[in-house]
Amino acid sequence: MPSQQDIKQRIVSVTGTSKITRAMELVASAKLRRAQLRIEALRPYAKGMSELMAGAARRAGNVSGLPLMAEREERGRAAVIAVTGDRGLAGAFNVNVVRLALAAADELAAEGFEDVVFTAVGKKGGGTLRFRGREVDHHFQGFSSDPSYADAHVIADFVSTRFLDGETDRVVLVYNEFKSVVEQRVVSQQLLPVPRDLVMGDEEPAEADAETEGSGLSQAIADFEPEPAVLLERLLPTFIDTTIYRALLESAAAEHAARRTAMSNASDNAEQLIADLTLAMNRARQAAITQEILEVVAGADALT
Amino acid sequence: MSTATSTDERQLAVKVLTPEGAVFEGRVRMVVAPSVEGEIGILPRHMPVVALLRPGETRLRITDGDDVVLATTAGYMSVEFDTVVILVEQAEPYHQIDRARAEAALARAREELAAAGDDDEATDRAKAAIHRAENRLKVVDRNG
């Protein structure tokens with residue numbers, strides 16, 4: 001049975017830990033709120049971008065000539081971009097991404113790609129993938145909790161260049177989507193070649209609100225400066241930037257949400273542990289007192 | 001008379017959007033934006049246009065003599081039925097640009113470029129920063 005002293009020390013140590021987890025929970029909440037605001041801020045821009053691109057694509061008609069959209073055969077080399085966090089202590093957040101990234105790689109291999117390479121975003125994912133002996137062609141890190149558009153642009157540039165140079169034939173993006181504060185979902189989406197239906201958008205709704213909003217109709221008669229095909233070619237890189245930026249923001253929000261949940265659970269567990277230990281300590285103290293009384297009584301008895 | 005007045009008061013609904021949020025949202029009389037093929041001025045009842053923008057300054061005339069000038073990066077503009085949507089990476093109102101800070105940013109970016117060496121990523125980043133800083137200063141000088 002542990003002594004009072006031992007239990008006391010453990011209580012002090014657990015209290016210290018719970019202070020840390022509580023602080024991390026609060027920090028994660030604050031960062032989560034900011035990340036959510038940034039997702040909201042991006043939404044109008046992303047929507048405008050999609051509409052513009054759909055308009056230009058419809059006017060350009062034939063989009064298959066664009067290098068960033070050209071479908072390639074399912075062989076050669078595919079790349080999987082895994083977006084994880086730079087830091088741990090966020091529950092299963094990083095593990096989930098790595099797991100789905102590996103699953104996505106298997107799927108690509110099954111489709112016929114000879115070789116699958118990983119592009120890691122975030123310290124944790126890169127480390128784990130390398131540890132598992134996977135090939136990591138580049139490891140971006142240092143911005144997972146507060147990504148900027150410039151960060152996204154650097155990544156987009158890297159993967160697009162490699163794709164255009166023919167070093168990769170398909171690029172898949174795997175990241176944690178922020179559904180709500182309590183729910184994150186790992187998703188994988190094809191980034192390159194840019195899927196046709198993403199560029200074209202939903203044709204039906206656009207025409208349906210042509211009478212009220214006019215977005216579908218007016219772009220059919222709009223004056224393009226430069227030509228639709230040229231404009232589309234310029235728009236695609238921006239679209240890729242935006243897609244990656246959104247993935248980074250979603251991942252950041254999901255990371256903070258996951259960390260908050262994990263730390264909140266840890267704090268609750270610490271509290272429970274302290275309660276249990278306090279009880280154990282009181283018992284030990286009672287036992288010690290009882291023991292002493294018995295000894296005193298026995299001593300007095302011996303004298304008489 | 002009344003019709004003439006209503007024509008004069010016809011305005012454009014303008015949104016200037018960046019990935020980091022909306023920089024300007026409101027009604028204006030005229031928009032002048034730097035298209036890749038030259039400055040393009042938009043008045044109410046303009047025909048639908050989709051244009052590619054180069055870095056430069058975008059001018060929003062709210063009323064006569066009251067302009068909002070934005071230093072904008074490359075981007076896109078779409079005009080339809082008196083609605084103008086400008087999508088750029090960054091937009092900064094000129095009166096919020098601090099000359100000293102912009103100059104410091106330019107100097108810092110140049111140092112970063114010099115220090116970047118063989119690192120392509122750092123070089124790209126530094127170059128982009130230099131362009132932004134130079135554009136900002138140009139806009140300040142022109143309106144200063």
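The legends below describe close-up views of a predicted model.

**View 1. The largest nonpolar core.** This core holds 94 residues, and those touching the most other members are A:Met53, A:Val80, A:Ile81, A:Ala82 and A:Val174. Helix H8 (residues 228-303) of chain A gives the most to the core, with 18 residues. Beyond its neighbours within four places in sequence, A:Met53 is in contact with A:Val199, A:Leu232, A:Leu235 and A:Phe239.

**View 2. Helix H2 (residues 93-111) of chain A.** The 19 residues of the helix should span 27 Å at 1.5 Å a residue, and the end C-alpha atoms are 27 Å apart, which agrees. Buried residues of H2(A) include A:Phe93, A:Val97, A:Ala101, A:Ala105 and A:Leu108. Down the helix axis, the buried residues fall within an arc of 125°, so they line one face of H2(A). A:Asp106 and A:Ala110, on the other side, are exposed. Just after H2(A), A:Gly112 has a positive phi of about 130°.

**View 3. Packing around H2(A).** The partners of the buried residues of H2(A) are strands E1 (77-83), E2 (115-121), E4 (170-178) and E5 (184-192), together with helices H3 (123-131) and H8, of chain A.

**View 4. Contacts between chains A and B.** In this interface, 27 residues of chain A are in contact with 26 residues of chain B. Elements of chain B that each supply at least two residues to its side include strand E1 (12-18), strand E9 (83-88) and helix H3 (120-143). That side of chain B has 15 nonpolar, four polar and seven charged residues.

View 5. Strand E6 (residues 223-225) of chain A pairs with E5(B) in the parallel sense over three bridges. A:Glu225 stands opposite B:Ala51 in E5(B).

Technical notes
Residues numbered from 1 in each chain as written. Chains lettered and ligands numbered in written order. Predicted model: local features only at pLDDT ≥ 70, side-chain atom pairs only at ≥ 80, totals over all residues. Core = buried A, V, L, I, M, F, W, Y, C linked by C-beta atoms within 7 Å. Buried ≥ 20, exposed ≤ 12 C-beta atoms within 10 Å, placed from the backbone. Helix = DSSP H or I, 4+ residues; strand = E, 2+ residues; numbered from the N terminus. Contact = placed C-beta atoms within 7 Å. Nonpolar A, V, L, I, M, F, W, Y, C, P; charged D, E, K, R; others polar. Pairing = 2+ DSSP bridges. Expected span 1.5 Å × (residues − 1). Arc of directions from axis to C-beta.
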